[in-house]
Amino acid sequence: MSQTVISVENLSKSYRLGQIGTGTLTNDLRVWWAKLRGQPNPLLKIGQADHGNRDGETLWALKDINLQVEQGEVLGIIGRNGAGKSTLLKILSRVTAPTSGLVKVKGRIASLLEVGTGFHPELTGRENIYLNGAILGMTRAEVSRKFDEIVAFAEIEQFIDTPVKRFSSGMYVRLAFAVAAHLEPEILLVDEVLAVGDAGFQQKCLGKMNEVAKLGRTVLFVSHQMAAIENLCNHVMLLDGGRIITISKTADVISQYLRLFNTGAGKIDLTADDVERKGTGEAKFQKAEILTLAGEMTSSVQAGTGLVVRMEILSHAQVNAEIGVGMFSSGGLRLTGFNSRDLNNFALDLLPGQRVVVECKIPKMNIAPGAYRLNLRMMNLHRQVIDSIDQALSFEVVPANYFGTGRMPRGNNLIFLDVDWHYQSQ
Amino acid sequence: MQTTKKTELEDQNWSLVIRPQRNLFDLRLGELWHYRDLVGLFVRRDFVSIYKQTILGPLWYLIQPLLTTVMFTVVFGKIANLPTDGLPQFLFYMSGTVIWTYFAECLNKTSVTFVQNAQLFGKVYFPRLAVPVSILISNLITFIIQFGFLLMFMVYFMLRGSSARPNLWILLLPLLILLMAGLGLGFGIIISSLTTKYRDLRFLVTFGVQLLMYATPVIYPISSIPARFRPLILANPMTPIVEGFRYALLGAGTINPVYLLYSLGFMLLVLLSGVLIFNRVEATFMDTV
């Protein structure tokens with residue numbers, strides 16, 4: 001049995017609400033004065049989302065966490081926003097201290113979330129490599145030993161003595177990543193939520209993680225992308241409200257997560273009060289789900305296959321409604337949209353109390369693998385919004401044999417086109 | 001995964017134990033020593049970056065005290081006609097400026113440690129003390145350069161027949177520097193720790209340092225202060241340092257071991273409270289900054 005490299009014992013972290021964000025003496029005095037008169041904290045925001053882990057003015061971001069991580073483990077950490085994932089990584093990387101409990105660690109910890117911090121724009125690439133290396137905990141000698149490797153990895157040989165403020169953003173990120181990647185930590189922390197950079201860079205982070213894991217090092221990985229978690233992790237920890245819900249085999253935890261929270265799932269109940277919606281409310285989306293063409297519920301489709309978006313609508317008035325679905329990339333880029341009137345020339349004639357199920361079938365997903373979100377919208381004839389929910393559904397397109405040739409599409413693609421190649425010898 | 005027995009865990013050698021609040025007096029200087037390359041690189045960064053894109057570059061290290069001295073000589077010497085203990089006005093003001101600048105810069109720059117480095121501190125761990133310590137060192141180098149500059153003017157004035165002469169007290173110079181560094185660091189990190197919560201202090205610092213300068217015999221000798229106000233000026237721990245510096249270097253002013261001991265005690269007190277507060281704030285300041 002391999003040895004334990006991280007041992008977390010009864011770890012808790014609390015944040016005092018109200019103190020955060022006051023920042024000035026006058027505000028603190030106001031809070032204190034209100035407390036003295038038995039009034040609620042005047043600076044507390046109304047309707048702050050919480051997950052039941054608030055206790056008066058104390059929010060427990062982590063509560064009684066016990067965890068053992070063994071060497072070579074790739075542990076995924078999932079949970080909703082505010083579940084405590086990032087807080088846990090922050091404590092492990094010693095950016096902030098726990099409120100109670102203990103963490104014991106064996107070996108050097110590094111995280112890929114600090115890429116490029118501490119770079120000084122006026123200094124040259126060379127000077128910044130040394131500075132950044134030292135900030136990350138390397139000695140001068142260590143950096144010197146790996147210097148050539150770092151420069152080669154970042155592909156900036158000819159600019160090494162140029163101030164980094166003249167670097168393109170791509171060069172900047174490559175250099176920063178190169179330094180972090182040559183740290184050779186025993187334990188690597190990756191918080192995808194905080195990782196900077198474009199998709200290509202995040203891909204590089206994942207690649208580095210994979211490589212580190214193969215060398216028998218330990219990785220803790222926070223992500224919202226279930227596909228990435230599924231690919232990389234042996235075990236997954238599910239956090240919610242600062243507590244551990246489960247630690248188990250990846251597939252089990254992911255399905256539990258999807259069952260529990262709907263997030264990232266292809267099905268959502270839209271009747272809850274906290275659904276953010278706009279519009280007149282004459283009719284409302286009640287439920288929405290994503291199905292495979294065969295009618296099974298899903299949240300991920302293979303590139304090249306199709307899916308069905310099914311929506312249930314309840315009307316409260318007599319209204320004529322056209323339905324629109326907008327498709328966005330995970331980065332918020334609008335890819336396309338489809339409207340029932342534009343495509344099929346229909347709008348629903350709804351009567352008060354009427355329930356309608358609408359299906360929108362996308363026969364073939366010719367978009368690149370990745371996470372996508374769908375916005376749902378109902379409009380009347382005058383293009384007035386009746387009901388609109390942003391990011392109501394999300395789904396993932398997973399890589400697949402799109403062209404039927406057995407080859408995966410190469411490069412950074414956004415879409416796939418069914419193209420025919422021909423040639424003639426002359 | 002969770003099958004490891006507790007007893008087994010206790011036997012293992014952990015390279016790092018993260019606790020909620022460590023011992024307040026634990027400065028972890030060993031760790032700081034491990035990060036000495038970082039301190040060196042911070043110092044280097046300060047030097048290399050500060051005068052980039054300036055025409056005169058490092059010459060500014062000399063121009064700054066020179067301009068201040070000229071200004072003081074004109075305003076306080078010629079116009080206000082303040083006494084200078086019989087010293088050439090230029091030397092009097094320059095010695096005051098050079099030594100005061102070291103203290104003021106240490107204080108000003110360390111007082112923004114947390115706020116200015118919040119982004120960096122929020123992403124990666126290294127001993128936070130590395131930042132204020134590197135500030136002390138880079139300012140010390142500046143001081144040495146400016147001190148050398150001051151010596152050049154001294155030699156010039158001595159050749160011109162001035163009575164200014166250094167004496168054996170000059171051997172105390174390292175102690176004086178240590179006192180100033182300690183006071184600057186102590187006050188600086190107290191303010192820095194408090195500004196994580198109260199930004200108001202930031203505005204007070206610049207003003208406060210300037211006020212403190214007028215409460216220190218920088219632009220006037222202590223001998224010119226009426227006897228009944230003297231205890232007030234002497235309560236300022238910087239007073240014996242500035243006066244002593246001037247006496248050791250130029251032979252005019254006062255030096256009193258008792259007063260210096262007072263400064264030393266004051267410095268230790270400030271530094272100790274500074275370290276205590278810093279240690280407390282360091283652990284969780286990311287939550288409040």
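The legends below describe close-up views of a predicted model. Local features require pLDDT of at least 70 and side-chain atom pairs pLDDT 80 or more, whereas totals for chains, interfaces and linings use all residues. Residues are numbered from 1 along each chain as its sequence is written, and chains are lettered from A in the order in which they are written.

**View 1. Strand β14 of chain A with its partners β12(A) and β18(A).** Strands are DSSP runs of E of at least two residues, numbered from the N terminus, and two strands pair if DSSP finds at least two bridges between them. Strand β14(A) (residues 307-315) pairs with β12(A) (residues 283-292) in the antiparallel sense over 9 bridges; here Ile313(A) stands opposite Phe285(A). With β18(A) (residues 355-362), β14(A) forms an antiparallel pairing over 8 bridges, in which Val358(A) is the bridge partner of Met311(A).

**View 2. Strand pairing between chains A and B.** Strand β5(A) (residues 100-105) and β1(B) pair in the antiparallel sense over 3 bridges. Ile18(B) in β1(B) stands opposite Val103(A).

**View 3. The side of chain B that touches chain A.** In total, 35 residues of chain B are in contact with 45 residues of chain A, a contact being two C-beta atoms, placed from the backbone, within 7 Å. Elements giving two or more residues to this side of chain B are β1 (16-18), α3 (36-50), α7 (118-121) and α13 (257-284); the largest share, 6 residues, comes from α3(B). Helices are DSSP runs of H or I of at least four residues.
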